[in-house]
Amino acid sequence: MAKKRAKSGGGSAGLAKWEQALLEAQFEEEEWKPNVSLVVGNKMEDYRHIEALHTVVGIPQRKLFSTVSKADLFEQVKELGNPKNKKGKDTPQFYEICESVKPMLDEGTEVPILVLAKLLKFRLLDIKANDLKRRDAEKKAAEDKAKGKTPGKDGKRPRSKSPAKGKGKKTPEPPAVKKDTKLKRRGEEDEENKYIDDEPDDGPQHYMLVHGFHQPQLVMALADVGVNVDCLLKIKSEDYSIFQTPEPEEPSPREEQKKDEQVELAAGVQEAPQDVEKQQRQKAEEDLKKFWKFLDPVLRRAPAGSRLHDMARLEYVILNTLHPSDWEDVEKKLAFGTAVFEEVACKIYDMYDWKRQFQHYLSNMKLLHVPMHGEAPPVPAQPTDSKLSAQAPTPGIPELEVPAGPPDVDMRYYSELMSAVPQESVSIPLIMHCMLEQVSAAEEERDPPSERPVPPRQDGVDPRLASHMSGAALKLALSEDEQRALDGDIDLTAKPLVDKNQQRPLLLQHGDDVALRTHHLKQVDGFHPQAEELRMVNLLPVARLCELPPPSTRVSKERAARLQELLHFCATGNLSLSEIDRAFKQFVFESMVGTTTDRSGHVLEPATAAEDDMVPEVELEVPWDDPYPFYQELKRSGLLKAKKKIQEEEKSKTAEIEPAAQDAPQPSPPAYEARVQQEEGGVQSE
């Protein structure tokens with residue numbers, strides 16, 4: 001009778017040695033920081049995108065990215081868990097877990113969460129070992145290249161064997177090939193441009209994308225075995241109607257009869273596989289719904305200090321324009337996966353940028369203790385030296401007397417208003433506004449918004465009981481539809497649904513620090529931070545400089561009369577008021593001075609007069625700002641030009657006839673004045 005196989009030595013709590021070593025293995029090190037991202041689809045249709053992403057990551061396009069899928073992991077378990085297969089040198093460490101999981105897969109039973117977490121850690125440790133080997137090989141190759149070594153044993157060039165005696169003369173050794181050129185030889189791979197090298201230098205050493213797992217407790221189980229999930233990436237589609245197959249047209253009675261006969265013949269063969277596939281898809285959909293339903297309650301139950309509270313929640317929406325026209329085309333599917341991989345990688349990079357900015361904000365934040373009136377100042381630290389501490393207090397120094405003040409100061413209103421503003425949005429005008437509101441509330445004896453009496457409900461339920469039930473319902477694992485249904489029954493006011501497709505882009509003016517800091521803050525109990533800060537800023541004396549002096553009553557009446565007359569004559573035709581307004585604005589823009597360039601493309605500065613007074617030589621007037629004074633100036637300049645022209649004509653005529661008609665009578669002044677008046681009348685009529 002053959003001897004029984006001896007059991008492996010047990011570790012703590014009855015665990016095998018390899019299992020104990022697997023739990024104690026350190027996944028994250030000081031010099032090797034990984035990023036573990038759990039990729040989950042919003043619906044089962046989104047896993048078509050995840051599969052395309054999995055294919056592209058496995059090419060690989062980026063050498064610092066790896067992917068782990070549930071199907072590939074179970075295939076590896078079936079391969080390594082078979083005792084008949086020989087284990088070579090490349091067999092990953094802790095492969096014994098595959099032998100314990102393989103019977104579960106063969107029987108079709110579900111793998112427990114804790115065992116699945118250990119199995120995932122085994123796969124991630126294998127990826128870590130391969131990445132460390134690759135780094136060591138690259139480091140060694142770089143050192144050999146720097147030393148100028150050629151390939152061979154111990155970095156030396158292999159010696160050629162000497163010919164045997166009597167078989168001829170020694171042939172000279174061929175000269176060594178020079179490798180100073182940067183050109184690639186045939187058969188050599190371009191390692192520098194083979195991968196997309198866009199990973200940040202101060203980021204993780206390796207990125208791992210895990211997908212195919214729909215157990216919400218898996219995140220906590222991974223944290224228990226020493227693997228922390230850094231982010232949860234949710235893949236969504238912009239429109240799910242593109243996945244729906246069009247309904248076929250109603251066939252004729254003869255076609256229906258033929259199809260029924262064919263279906264009856266093939267029913268026994270195809271019925272079982274179709275039912276199994278349908279059941280698997282329904283089970284996967286139910287598991288996915290349970291994952292998103294129970295994820296938040298599981299994360300809330302994480303212990304204090306756990307890194308699960310710092311797990312980022314990212315979301316990536318795949319637009320319809322990104323979908324390939326033909327999913328069967330390999331090239332189009334590869335291009336689609338490449339585009340999705342690019343967006344996913346950028347989102348992970350941005351996540352670390354946001355984390356770095358937040359850590360920089362925390363490191364630069366200084367918390368100062370502001371004592372209240374009547375509070376004793378902080379006691380300075382006592383000296384650590386025993387000799388100094390043993391000495392008696394110095395006589396002659398009076399003790400500090402703390403003035404007695406009011407024991408309690410009402411700051412409830414101020415505290416509630418300031419709690420609605422995050423620290424990065426706080427400013428001095430907002431603090432002043434909250435202080436003034438507290439003073440006003442204290443004088444008027446107004447209670448804070450949270451302590452005001454709540455109006456009775458229509459259903460007769462106590463508002464305090466309804467508020468407590470609402471808070472308890474938020475902690476339950478409810479779907480979005482269930483929460484929306486409870487909002488109308490429990491909450492005092494139902495939350496309005498926000499349609500993201502109808503949201504307009506927000507335009508912020510350059511240099512508007514108030515809007516940039518407070519545009520995302522919402523109104524809370526009538527307190528709008530952005531509006532209140534602008535109101536406080538307008539109370540400053542500097543704000544009066546922005547106010548333009550109003551025109552006088554006479555000028556305002558003249559402008560109104562001219563505008564009314566202009567609109568009257570313009571509106572007599574077929575032009576509308578909007579067309580007239582657009583024409584005036586166009587005239588204003590056409591009258592502005594534009595920046596020009598020379599032939600070389602350099603911007604020309606406007607010509608100026610003397611350097612002392614920077615007054616431009618040519619001042620362009622915009623007649624459409626106030627056309628009446630411009631018309632008067634044009635009329636006056638036209639008359640002057642007409643008079644000057646007549647004088648020049650008269651001088652030229654007198655110069656021509658002066659030698660021949662010295663004795664002739666000169667023209668009388670009244671005739672000259674009559675001609676000038678005639679010219680003026682012509683200008684005015686024009």
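By pLDDT I mean the predictor's confidence in each residue, from 0 to 100, and a contact means heavy atoms within 4.5 Å. This is a predicted model, in which local features need pLDDT of at least 70 and side-chain atom pairs count only at pLDDT 80 or more, while totals for chains, interfaces and linings use all residues. Residues are numbered from 1 along each chain as its sequence is written, and side-chain values use heavy atoms, with hydrogens and water left out.

I start with confidence. The protein averages a pLDDT of 76, and 69% of the residues score at least 70. Over residues 667-673 pLDDT stays under 50, and the model has 3 contacts beyond four places in sequence for them. Residues 1-11 also stay under 50, with 7 such contacts.

Next, strand E1, residues 34-41. Helices (H or I, at least four residues) and strands (E, at least two) are DSSP runs, numbered from the N terminus. Buried means under 20% relative accessible area, exposed over 50%, and partly exposed in between, with a 1.4 Å probe and protein chains only. In E1, 8 of its 8 residues are buried. One side carries Pro34, Val36, Leu38 and Val40, the other Asn35, Ser37, Val39 and Gly41.

Two strands pair if DSSP finds at least two bridges between them. E1 pairs in the parallel sense with E3 (residues 206-211) over 6 bridges, and with E4 (residues 231-237), again parallel, over 5 bridges. Ser37 stands opposite Leu209 in E3, and its bridge partner in E4 is Cys231.
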